[in-house]
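Keep to a handful of residues and say where each one sits.

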Amino acid sequence: MADRPQKNLHVGAPYRADEARYLDTPYRRSGRTGLKLPAVSLGLWQNFGDESPLATQRAILRTAFDRGVTHFDLANNYGPPPGSAEKNFGRIFAEDFRPYRDELIISTKAGYDMWPGPYGEWGSRKYLLASLDASLDRMGLDYVDIFYSHRFDPDTPLEETMGALDTAVRSGRAQYAGISSYSPERTRDAVAIMRELGTPLAIHQPSYSMFNRWIEPDLVDACGELGLGIIAFSPLAQGLLTNKYLGGVPDDSRAARGGSFSSSLVTDDVVTRLNALAGIADSRDQTLAQLALSWALRDERVTSVLIGARTVAQLEDSLGALDRLDFTAEELAEIDKYAVEMGLNIWSRSSDA
């Protein structure tokens, strides 16, 4: 991917998208749908809430779109506080991206805790559709391109949850429907229900990385067989698969801050494996993060990987993965010595249901 001069980063200037934005980024079809996604998509799970400067958020979003990243992925509870990522994105969208709406794929989700009481989480029809309406209002959109059931609800009939997704699409509030963190068995059940309703599921969003391989092989095979695309979230294991942790846990890292990524995960064994993988990456003229993203895309059934970015530099580094998507059999075998399941699927309660 050729270097481009940095532009569109002066937040006070009117935004004009780079005319060369579609020259470098590959796009992959999501399953058997007509929807194509960039191989690398931008997730707004972290770094787009009220704790992050709006100017930095704007610079990251502008740079992403200028590089052909047409897909921005959100959820109702992204922040902090919950809802703030959608609100901030909506402001930037109105000021910068509205002229490019038809070139963008914007997704959101509902399923986790969002407001008090029995109707503010899980998979009921009331919650999903009310949440979607609130998300559209926060973002200032007439529709989203993909609306997800964020997790399987063991207490709500799956027919009700899928019926809400069907309504979202038929009402024009969403173009496609998806599911996230569903087990292979529940994925098959959901696909069957949606096909009967006449609104086939388009995509599955599971966690997946070199250290979180729970989707292999059953879920990958199921999605391939059923015609669902796969978009992998947390392909860098919340930043673990980067050069940042090669010497342990830095004070300014996400692991040091706690939350969804505990420093207890960065064991001596993990650090040893990270350094071995970094050596493989170096032999391919890649950073560790670039290797991890390329590896997650090695199977064509994986439509896209969702990256986060705290800075423009992090985004640029991740997009560099697109320069080396090829692997030899020897490289993959060497990677498999160190890229093993490490029990990092903190969302397993949903996927195991």
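Helices (H or I, at least four residues) and strands (E, at least two) are DSSP runs, numbered from the N terminus. This is a predicted model, in which local features need pLDDT of at least 70, side-chain atom pairs count only at pLDDT 80 or more, and totals for chains, interfaces and linings use all residues. Residues are numbered from 1 along each chain as its sequence is written, and side-chain values use heavy atoms, with hydrogens and water left out.

Start with the loop between strand 8 (203–205) and helix 6 (218–226), where asparagine 212 has its place. Asparagine 212 has a relative accessible area of 3%, so it is buried (buried is under 20% relative accessible area, exposed over 50%, partly exposed in between, with a 1.4 Å probe and protein chains only). Its side chain makes a polar contact with the side chain of serine 207, at 2.9 Å. A polar contact is a pair of N or O atoms within 3.5 Å; within protein, one must be able to donate a hydrogen and the other to accept it, and residues adjacent in sequence count only if both atoms are side-chain atoms. Contact in general means heavy atoms within 4.5 Å. Neighbours within four places in sequence aside, asparagine 212 is in contact with Ser207, Glu341, Leu344 and Asn345.

Proline 217 lies in the loop between strand 8 and helix 6 as well. A cis peptide bond joins glutamate 216 to proline 217, with omega about -15 degrees. Now turn to proline 81, in the loop between strand 4 (71–73) and helix 2 (84–97). Here a cis peptide bond links proline 80 and proline 81, and omega is about -10 degrees.

Most residues other than glycine have a negative phi, and most peptide bonds are trans. Which phi does serine 181 have, positive or negative? Serine 181 is not a glycine, yet its phi is positive, about 60 degrees. Serine 181 sits in the loop between strand 7 (174–180) and helix 5 (184–197). At 3% relative accessibility, serine 181 is buried.

Alanine 237 also has a positive phi, about 50 degrees, without being a glycine. Look for alanine 237 in the loop between strand 9 (229–233) and helix 7 (254–257). Its relative accessible area is 10%, so alanine 237 is buried.

End in helix 2, which holds alanine 94. Alanine 94 is partly exposed because its relative accessible area is 43%. Alanine 94 and methionine 139 are 45 residues apart in sequence; C-alpha to C-alpha, they are 8.5 Å apart in space.
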